[in-house]
Amino acid sequence: MMRAGLLWLAFALAAGAADQATIDKGQKEEQRTCLPCHSLRIVHSNRLIRAGWNKELDKMAGWGAKYTDRDAILEYLVATYGDDKPVTPPEMSADGRPRQ
Ligand code: HEC
C-alpha cells in the first residue's frame, strides 16, 4: 500500500526518527569514541530523552571526548536508550551486553 507507506514516512520524519544506517554508524562511533574512557555499561544503564543525551555528549566533550560523528552517536543513543525503553536488567557484562 503506497499511500500507507508515504504516511508512515511522513510520520517518521515528523517524529525525527533516524534511519537505521545512521543508528548503526552511531553504534560503531560509540565504541570508538566512548570506550577509551569507560565501559559502555555506564552509558547503556541510562534512559534519557534527546535533550538529556545531548547534554551528556557535551559533558563528555568537556572531559575530552573527540567526536567524528556526534550526530550519529546522538541518534543511536536516542533510538536505543531513550526514556521510552525498558531499563537494563542488572546482569550485564562490562561492555554493556547481557551476560551469557
Ligand atoms: C575523555 C574521557 C571520556 C570519554 C571519551 C567519554 N566519557 Fe563518559 N564519562 C567520563 C567520566 C570521567 C565519567 C564519570 C565516570 C564515573 O563517574 O565513574 C563519565 C561518565 C559518563 C556517563 C554517566 C553519567 C555522567 O554524566 O557521569 C555517561 C552517560 C557517559 N559518560 C556517556 C559517554 C558517552 C556516550 C561517550 C561517548 C560518546 C563518553 N561518555 C565518552 C569520561 C569520558
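Reader: Which residues of helix 2 are called buried, and what makes a residue buried?
Author: In this predicted model, the buried residues of helix 2 are G26, E30 and T33. The cut-off is 20 or more other C-beta atoms within 10 Å of the residue's own, so G26, E30 and T33 each reach that count.

Reader: Against what do the buried residues of helix 2 pack?
Author: They pack against helix 5.

Reader: What makes helix 2 roughly perpendicular to helix 5?
Author: The two helices, with helix 5 covering residues 70–81, pack at an angle of about 105°. The class called roughly perpendicular runs from 65 to 115 degrees, and therefore helix 2 is roughly perpendicular to helix 5. Their axes are 7 Å apart.

Reader: Which residues make the contact of helix 2 with helix 5?
Author: Helix 2 contributes T22, I23, K25, G26, Q27, E29, E30 and T33. From helix 5 come A72, I73, E75, Y76 and A79. Sorted by class, the contact has five nonpolar, four polar and four charged residues.

Reader: Which residues of helix 5 are buried, and against what do they pack?
Author: Those of helix 5 that are buried are A72, I73, L74, E75, Y76, L77, V78 and Y81. They pack against helix 2, helix 3 and helix 4.

Reader: How do you know that the span of helix 5 agrees with its number of residues?
Author: Helix 5 has twelve residues, and at 1.5 Å a residue they should span 16 Å.

Reader: How do the spans of helix 2 and helix 4 compare with what is expected?
Author: The 15 residues of helix 2 should span 21 Å, and its end C-alpha atoms are 20 Å apart, which agrees. Helix 4, with 13 residues, reaches 19 Å from its first C-alpha to its last, close to the expected 18 Å. After helix 4 comes G64, which has a positive phi, near 115°.

Reader: Why is T22 called partly exposed?
Author: T22 has 18 other C-beta atoms within 10 Å. Buried needs 20 or more and exposed needs 12 or fewer, so T22, with 18, is partly exposed. T22 lies in helix 2. Apart from neighbours within four places in sequence, T22 is in contact with A72 and E75. From T22 to D69 there are 47 residues in sequence and 9.8 Å in space, C-alpha to C-alpha.

Reader: Why is R70 called partly exposed?
Author: R70, which sits in helix 5, has 18 other C-beta atoms within 10 Å. Since 18 falls between the limits of 12 and 20, R70 is partly exposed. R70 and E30 are 40 residues apart in sequence, and 9.2 Å separates their C-alpha atoms.

Reader: Why does T80 count as partly exposed, and I42 as exposed?
Author: T80, in helix 5, has 14 C-beta neighbours inside 10 Å, so it counts as partly exposed. I42, in helix 3, has 12, and 12 or fewer is the condition for exposed, so I42 counts as exposed. The C-alpha atoms of T80 and I23 are separated by 8.5 Å, with the two residues 57 apart along the chain. I42 and D95 are 53 residues apart in sequence and 9.2 Å apart in space, C-alpha to C-alpha.

Reader: How many residues lie around the ligand, and which come nearest?
Author: There are 17 residues around the ligand, and C34, C37, M60, G64 and A65 come nearest. Helix 2 (20–34), helix 3 (41–44) and helix 4 (50–62) are the elements that give two or more residues to this shell. Helix 4 gives the largest share, four residues.

Reader: How do the residues of the shell around the ligand divide?
Author: Ten are nonpolar, four polar and three charged.

Reader: How many helices and strands does the protein chain have, and what share of its residues is buried?
Author: The protein chain has five helices and zero strands, in the order α-α-α-α-α from the N terminus. Of its 100 residues, 12% are buried. Among its contacts between residues at least 6 apart in sequence, 74% join residues at least 24 apart.

Technical notes. Residues numbered from 1 in each chain as written. Predicted model: local features only at pLDDT ≥ 70, side-chain atom pairs only at ≥ 80, totals over all residues. Near = placed C-beta within 6 Å. Nonpolar A, V, L, I, M, F, W, Y, C, P; charged D, E, K, R; others polar. Axes fitted to C-alpha atoms, helices over the stretch in contact; angles between N-to-C directions. Parallel < 35°, antiparallel > 145°, perpendicular 65-115°, else oblique. Contact = placed C-beta atoms within 7 Å. Expected span 1.5 Å × (residues − 1).
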